[in-house]
Amino acid sequence: MSKPKHAEEADDETINLCVRRMAFNRDTKLFVQKSSGVFSMGASHSKIEIICCSCTTDSRTGIILPCILMKKKKRNNVKYFLLLLHSSNQFEPSFYFRLDYELKEDIRLFAGPSLLWRHANKLFYISSNTCLVQSAPVQLSSVVWTGEIVGEGTVVLGVRTACLPETEDPDGFSVSDRAIWGSEFFGYAIQTQKTLTGTCFMPHAYSRVVSSVYVCKSERLKQQLRISLVAITHKNQLVWFQNGAPKGVCELPYEKPYSVKPALTSSNDLLFVVSFASGNSCVVQRRDSLQVPMASKWQKVKCVLVDDFISSGSEQLLLLFDDDSNTDVLSTFKITDLGEVNYASGINYKHDVPAAEGLQENGFLTVRALETRLQAGWTSVRELQQHLGLQKRVILESCRALIDLVEERTHILPNSKEEGLVSLWDDVENPPDSLSKVTSLTSEVPEHFTEELWQRVVGDSLVVGVKLTESFYLSLSDVSLSLVMDQDFSSISPIIKCQSKIIKLNKAFSALAVSSSQIEPPPKKLKLDLHSKSDLKKEFPMRSSRIQLDGAKTVTAVTSLSPLLAFHRVRCVVLLHARKQNHQHDSLQQSKKITVLCGKILLNLEDISNGRYSVKMLRENSYCTGSMEDILAVLAVSVRFSFQIVSCDCTLTPVSSWLLGEMECTPFKECQDNIFCHKAGNVHGTIFNWALKNPFEGVLTIFCRNLTVLFQCLHSLTRILPPSCSVKLLRSGSKGVLTEQLALALEKEMLTLKNSLFLKEAKAENSLTWGNESGKKINNAPLASLLDTEEGVQQFRKKLQDEREESVQSMNQTMNGALYQKIALKIAEAQLSSDMI
């Protein structure tokens, strides 16, 4: 704030409130000014000063803005007004009020913006919505914390004289505690005007010594409030409380601590910054226990700020030191996260590198070298695992050969090239047809390719899942499942019509994606020859290898359950169809179709009625306890929709509140980015994924049973979104993936056309009659001798006529209707696949 130059000019002086926006330059390692703003105030016969500054949320837009509380005193009249500073450096007066006393005790700014303070052991507050000073019907001696609590809104945690009831509670513990110490904690919810019990925060015994509190986490479990917090005491201690009980304590290095704030660094360490009245500061780490590191104590600190000052994606501490020689507040500073980040003022970074910066660079290079060594070690472990697997296959093959030798059976050796071995014997060029298929099956499929086979019942659908081993999955494409009934039903087809999906989960379970659906062809007769070009042949669009590497290894098949329950007890064989890629030749012709027996499942009407295979999604500790198989089953029967939500004026904080509040969603324990809807009605069972790119843009993915549920979710969502929001439906799949799929589909279409053309020529060549037998008997006599006699002229005329007919027939080849229908169907299917992509 600018001050009047001369005392006699103070009556007509205009005082300016000046602000500067500063940013840290990582090149020069200094703070530079980005912009500035000025707010002018008339100071005629008045004294104007700043009471406090803080950043709070504007309830109109959800944006966090700087707030400045100003005081203007004129004789006995005291006027307070609150200013909001927008991103354009424009000031907006939020509200003002007049008092006949001055604010001195427990002044707090919070969301709204709103202001509360304590005077004469009473609590007063005012917000930008009402602009009226209101008093709370509570008596309190101090305020130790103000913030948001789940389900309660803004809550004030204070200390008051113990209010003992006439009759003690049955347990008597809380009442006795208050009676001993004479004071107690209590919480007051400003919006609902409800008093909360203080024992969910801390025991009442700490009410005489705690000076400041920071609530780390609050949640509700079975209508019970669970809170985790840290508190600083007059005994120079920092205490960690969880659910009302102390869990750890740490001695602080200085006296008279007055505030504590958190910081989350790049190494995911949660730090607590404690400030002291003497101008000192320290940091407390919470790992195995609370402790103060040696290099985290500073003296003569003006203030400590927490933010991402170097734009690294994590928080750092900005310490501003007292420097009497320089009036610029940002002239003496230090930026650190107690790890790799360490910048300090007064160091010439342009010409020389200080020891701390050199150590930081060395540490970075050391970490990179260690990461490289770790990657090399992991590669060596993978190669060793492959070598051990190869040894196991050789030993098993040797055992089979020995058994066949003892039992006097002919042993068919595997192909040494496919096993990656050098053959020490002569490979059989053309093995017998009866054994060649078995040989190819055993050489192409590893011994253990499935980790798990499971089944679930979701509504009227049966979901069968096969989890594949990683090495087996990465060498496959066109993966799908088939269900075949293992009973002899002469009147119906044993093949069950089902829908296959590949559900991809990354290793961190951070995202879920469902591939495009693969629909089985209509039921046909089953042939036992799985490797012949029979009616079991299926055509699916190929997926690129990049999708396979990113995905997990679970393949699911979904079919209608009610037709199977008509048999009361059905046993089904699960078959996996895929193409085994040949990595030596990146070509479509090199892949081979394989069919693998994954196992058998048993469907029993009694087990299904008892809920043995039902999906169980229950709430426990604010999480959804569904197993990974339950999650995959729900995703398999759901339809996926992704929506891009963009807001120009307001942040998208209402979306998270809508999911956790109105939709009653809880995150999965296995993959916490995805949340399950427990709300009663049609929307129950819907899965949501909310990914926030920035405060104004996010992508909401909905996995729902049908379009009706989707419309209900969108209708509920649009009611809480600001009118300026735009919601856009996103296409499934990235541009690069769709481009690769289209290229593969066009290649397949071209090969289908070429193969159909060759098939047409072969069939036509076999079905046409080129000439007749009489024509073949014409001797090759000289032309002159044929024309000498009348009989010779007739023979020559007949031969010429036959050759003319052959020429006409070769120009107009024909084929039967069945062959033409088969070729046209193949071409149409290939073109349809390309058109859909």
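Accessible areas come from the Shrake-Rupley method with a 1.4 Å probe, and for residues only the protein chains shown count as cover. By this method, the protein chain exposes about 48,000 Å². Carbon and sulfur atoms supply 53% of that area. The structure is a predicted model, in which local features need pLDDT of at least 70 and side-chain atom pairs count only at pLDDT 80 or more, while totals for chains, interfaces and linings use all residues. Residues are numbered from 1 along each chain as its sequence is written, and side-chain values use heavy atoms, with hydrogens and water left out.

The protein chain holds 16 helices and 45 strands. Both are DSSP runs numbered from the N terminus: helices are H or I with at least four residues, strands are E with at least two. Of the 837 residues in the chain, 40% are buried. Buried means under 20% relative accessible area, exposed means over 50%, and partly exposed lies in between (1.4 Å probe, protein chains only). Contact means heavy atoms within 4.5 Å. Among contacts between residues at least 6 apart in sequence, 52% join residues at least 24 apart.

Two strands pair if DSSP finds at least two bridges between them. Strand β26 (residues 333-336) is joined to β27 by 3 bridges, and the two run antiparallel. I335 stands opposite Y343 in β27.

E452 lies in strand β28 (residues 450-458). E452 counts as partly exposed because its relative accessibility is 32%. Beyond its neighbours within four places in sequence, E452 is in contact with G465, V466, K467 and E629. T554 is 102 residues from E452 in sequence, yet the C-alpha to C-alpha distance is 9.2 Å.

L746 belongs to helix α12 (residues 735-767). Its relative accessibility is 44%, so L746 counts as partly exposed. Together, L742, L746 and I837 make a nonpolar surface patch of about 210 Å². Patches are made of residues with over 30% relative accessible area and no salt bridge; like charges are joined within 9 Å, and nonpolar side chains (Val, Leu, Ile, Met, Phe, Trp, Tyr) within 5 Å. A salt bridge is a side-chain nitrogen of Lys or Arg within 4 Å of a carboxyl oxygen of Asp or Glu.
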